[in-house]
Amino acid sequence: MADPVDIVRGSKVTIRFETKRCIHSRHCVLDRPDVFVPNVSGEWIHPDAATPEEIAELAHNCPSGAISYERQDGGANEQAPLVNVVRVRENGPLAFHAPLVVGGTGIGMRATLCRCGASKNKPYCDSSHAAAGFTASGEPPVAESAPISPRNGTLNISPLPNGPLRVAGPLEVVSGTGHTILKTTETYFCRCGASANKPYCDGSHARVGFKS
């Protein structure tokens, strides 16, 4: 069965909500509870309660990419960023913002990928890190790295069998407080949760018997 996706067409914009991508950051229901109405029976997404620009802002604030949109009013849809970024979330996932290809499939501009090893929706985060008690700094040490050019473009992410995320393409790794800690065109991120060099892989997946 296909993963559940809600597609709701309004008069000026269509909202797409992909349930299994959602990490419940709650920006949508806190910022615009008239657009995303929680805990109701029946229709809960209301595109016409806001302007297309406001819908776009809600989508852009969704770190997981669960919310996306398509404008029917002639306005621009989501544009690729000028700088590809992954933000290291304290005790949580890796939040990517770039034109993303994951496992050979284009998935849009935003995604939160598991780094605790416990998600039931790998490679995506499903918030299992909280129940698993995963701890990992959002402020890894800064590594010496040269500027890269270009700083944007397609980012290819390959979840290696029983191993790390291989990321190929221009990328800046950013800490929770916004410091760039690495500029790279290829790196390997831990997704077993056991690396002593988080967020990067150090081969611990083999030692702990990580399976994915």
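Me: Which residue in β8 does Val85 stand opposite?
Reply: In this predicted model, strand β4, residues 85-88, pairs with β8 in the parallel sense over three bridges. Val85 belongs to that stretch of β4, and the residue that stands opposite Val85 in β8 is Glu172.

Me: Which residue of β8 is the bridge partner of Ile157?
Reply: Strand β7, residues 155-159, runs antiparallel to β8, and four bridges join the two strands. They form a hairpin with five residues between them, and in the turn Asn162 has a positive phi of about 55°. Within this pairing, the bridge partner of Ile157 is Val167.

Me: How many bridges join β8 to strand β9?
Reply: β8 and β9 also form a hairpin, with five residues between them, where Gly178 in the turn has a positive phi of about 95°. Val174 stands opposite Thr180 in β9. The two strands run antiparallel, and the number of bridges that join them is eight.

Me: How many of the ten residues of β8 are buried?
Reply: Strand β8 covers residues 165-174 and is mostly covered. Counting as buried those residues with under 20% relative accessible area, the number for β8 is nine.

Me: How many disulfides does a search of the whole structure find?
Reply: A disulfide requires two cysteine sulfur atoms within 2.5 Å, and the sulfur of Cys114, a buried residue at 4% relative accessibility, is 3.7 Å from its closest cysteine sulfur, in Cys116, which is too far for a bond. The sulfur of Cys201, partly exposed at 25%, is 6.3 Å from its closest cysteine sulfur, in Cys190, again too far for a bond. For the whole structure, the number of disulfides found is zero.

Technical notes:
Residues numbered from 1 in each chain as written. Predicted model: local features only at pLDDT ≥ 70, side-chain atom pairs only at ≥ 80, totals over all residues. Heavy atoms only, no water. Buried < 20%, exposed > 50% of the residue type's maximum accessible area, 1.4 Å probe, protein only. Pairing = 2+ DSSP bridges.
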